Amino acid sequence: MLLKNKNAVIYGVSDSMAGAFGRAFAKEGASVFLTGRSLEKVEKVANEIIAAGGKAEAAQVDALNEKEIADHLGTVVAKAGTVDISFNGIGVQDIQDIPLIDMSLEDFVRPVAIAMQTQFLTTTAAGRIMVKQGSGVILSLTATPGGIGYPLVGGFGPACCAIEGFSRGLATELGPHGVRVINIRSAGSPDSRPFRDALANDPDAVHDFLTKLEDDTMLKQLPMMADIANVALFLASDLADKITGVTIDVTAGTTNGLNYKIPAIPFVS
């Protein structure tokens with residue numbers, strides 16, 4: 001088991017990406033300490049993990065509240081001894097599909113401010129513990145606009161760039177203490193909650209949008225939540241113990257170049 005005897009703290013847990021990380025980590029032997037602002041949603045994921053034979057605990061923690069974060073981590077250390085993995089997957093309340101020239105300052109700045117505040121609070125709190133341990137892995141998650149210019153994403157694009165830059169900077173400071181810091185960049189997962197909710201509200205429009213996202217990739221398909229969680233699992237494991245200070249691209253090729261306009265070339269033997 002890749003994460004046997006590891007303790008993972010995950011923020012923003014629900015039935016979406018952070019929950020997928022928790023399930024993947026627990027399946028590979030980690031004890032997962034799941035948190036979120038809605039205890040009911042966190043407990044649902046924790047109970048599913050426990051029912052599948054994993055180890056999970058649920059707690060209500062506001063990942064924008066410094067005291068709640070510190071108190072919870074203190075409880076984890078007192079109970080488990082270490083914090084080996086930290087991942088923050090809370091939403092950043094972004095608004096998209098509005099041109100920047102038509103967007104209000106408040107709507108543009110909000111996702112950047114939330115992303116930076118929560119990432120700073122949770123990663124530095126975990127980092128202080130990990131430095132004392134001499135080990136640990138801090139993970140974050142961004143999306144395609146962190147790697148290329150992408151239209152109509154409002155403040156979400158700058159938020160992704162900010163998270164990636166912060167992750168690199170933190171890695172340089174914590175690396176000498178044996179702590180790895182890595183960001184994962186996704187192209188968006190169709191089975192994640194934002195897409196599921198959007199499909200329920202306007203299936204035709206969202207289907208067209210998903211088709212456009214798929215066309216923007218080299219592989220002509222989007223990564224599912226399990227694909228992203230599996231990458232996170234590898235990065236959190238000792239198999240990746242020399243990887244730090246980078247963003248791992250899991251966009252199916254989107255940020256390496258929009259080549260969808262090039263017609264497919266049939267293979268000729």
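Q: What should I know about the model before starting?
A: The model is predicted, so local features need pLDDT of at least 70 and side-chain atom pairs count only at pLDDT 80 or more, while totals for chains, interfaces and linings use all residues. Residues are numbered from 1 along each chain as its sequence is written, and side-chain values use heavy atoms, with hydrogens and water left out.

Q: How many bridges join strand S2 to strand S3?
A: Helices (H or I, at least four residues) and strands (E, at least two) are DSSP runs, numbered from the N terminus. Two strands pair if DSSP finds at least two bridges between them. Here S2 (residues 31–36) and S3 (residues 55–60) run parallel and are joined by 6 bridges. Within that pair, Gly36 stands opposite Gln60 in S3.

Q: Which strands pair with S4?
A: S1 and S4 run parallel, joined by 4 bridges, and S4 also pairs with S5 in the parallel sense, over 3 bridges. Ser86 is a handy landmark: in S4 it is the bridge partner of Val9, and its own bridge partner in S5 is Ile138.

Q: Are the residues on the two faces of S4 buried or exposed?
A: Buried means under 20% relative accessible area, exposed over 50%, and partly exposed in between (1.4 Å probe, protein chains only). In S4 (residues 85–88), Ile85 and Phe87 on one side and Ser86 and Asn88 on the other are all buried, which leaves both faces covered.

Q: Which handedness, right or left, does the β-α-β unit of S4, H4 and S5 have?
A: A crossover is right-handed if, with the strands pointing away from the viewer, the path from the first strand over the helix to the second runs clockwise. S4, H4 and S5 make a right-handed unit of this kind. Another right-handed β-α-β unit is made by S2, helix H2 (residues 39–51) and S3.

Q: What lines the largest cavity?
A: Rolling a probe the size of a water molecule over the atoms shows where empty space is left. On a 1 Å grid over the protein atoms alone, a cavity is a set of points where a 1.4 Å probe fits but cannot get out, and lining residues have an atom within 4 Å of a point. Grid points are joined across faces, edges and corners, and a volume is the space filled by probe spheres set on the points. The search of the whole structure finds 1 cavity of 30 Å³ or more, and the largest has a volume of about 30 Å³. Its lining includes Gln119, Ile138, Phe166 and Val181.

Q: Where does Asp216 lie, and what does its side chain contact?
A: A polar contact is a pair of N or O atoms within 3.5 Å; within protein, one must be able to donate a hydrogen and the other to accept it, and residues adjacent in sequence count only if both atoms are side-chain atoms. Asp216 lies in the loop between helix H7 (203–215) and helix H8 (225–236). It counts as buried because its relative accessibility is 0%. Its side chain makes polar contacts with those of Tyr150, at 2.4 Å, and Lys212, at 2.7 Å.

Key
On a 1 Å grid over the protein atoms alone, a cavity is a set of points where a 1.4 Å probe fits but cannot get out, and a pocket is an open set with protein on both sides within 12 Å along at least five of seven lines; lining residues have an atom within 4 Å of a point.
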